[in-house]
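Let's take a walk through this one together. Have a look at the chain first, and then we'll go piece by piece.

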Amino acid sequence: MGRLGPTEIILILVILVLLFGAKKLPDMARSLGKSARILKSEAKAMKSDGKKDEAAPADPPADASAPQQRTIQAAPGDVTSSRPVAEPTDHTTKR
């Protein structure tokens with residue numbers, strides 16, 4: 001009951017083409033792949049940040065009071081360039 005045969009897969013594809021149109025399907029697949037690459041690169045960055053934090057010394061550097069600007073790297077195959085991102089600070093007030 002849980003297995004999809006070739007007939008069911010073809011029927012699902014035909015319904016998708018009818019709902020979204022043939023022109024939008026490649027764009028949707030491309031954006032899905034791009035999102036998966038970004039998710040993978042962010043997960044890898046989080047793992048490497050965890051390892052880097054364990055190896056970091058306990059004493060903060062002398063200029064730790066100044067917030068540093070972080071750059072988000074683009075995923076492989078991404079057409080956008082890397083862009084700097086301002087980190088949120090704890091002393092900001094909500095209005």
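Is D27 buried, partly exposed or exposed, going by its relative accessible area? D27 turns out to be partly exposed, at a relative accessible area of 44%. Hold on to that residue, as we'll come back to it after a look at the whole chain.

The average pLDDT of the protein chain is 75, and 54% of the residues score at least 70. Where pLDDT is low, the predicted coordinates should not be read in detail.

Now for the overall layout. The protein chain has two helices and two strands, and if you read along the sequence they come in the order α-α-β-β. Of the 95 residues, 3% are buried. The chain exposes about 9,100 Å², with carbon and sulfur atoms supplying 62% of that. As for contacts with a separation of 6 or more, 30% of them link residues 24 or more positions apart.

Let's start with helix α1, which covers residues 6-20. Its 15 residues reach 21 Å from the first C-alpha to the last, close to the 21 Å expected at 1.5 Å a residue.

Take F20 as an example: it is found in helix α1. Patch residues need over 30% relative accessible area, and F20, at 37%, is partly exposed.

Back to D27, then. Which residue does D27 form a salt bridge with? Its partner is R30, and the closest N and O atoms of the two are 2.8 Å apart. Side chains of opposite charge can pair when their charged atoms come close. The count of salt bridges comes to one.

R30 and D27 sit three residues apart in helix α2 (residues 24-55), so about one helical turn separates them. An α-helix has 3.6 residues a turn, so residues three or four places apart point the same way. As for how open they are, R30 counts as exposed, at 52% relative accessibility, while D27 is partly exposed, at 44%.

Key:
Residues are numbered from 1 along each chain as its sequence is written. This is a predicted model: local features need pLDDT of at least 70, side-chain atom pairs count only at pLDDT 80 or more; totals for chains, interfaces and linings use all residues. Side-chain values use heavy atoms; hydrogens and water are left out. Helices (H or I, at least four residues) and strands (E, at least two) are DSSP runs, numbered from the N terminus. Buried means under 20% relative accessible area, exposed over 50%, partly exposed in between (1.4 Å probe, protein chains only). Contact means heavy atoms within 4.5 Å. Accessible areas come from the Shrake-Rupley method with a 1.4 Å probe; for residues, only the protein chains shown count as cover. A salt bridge is a side-chain nitrogen of Lys or Arg within 4 Å of a carboxyl oxygen of Asp or Glu. pLDDT is the predictor's confidence in each residue, from 0 to 100. The expected span of a helix is 1.5 Å times one less than its number of residues.
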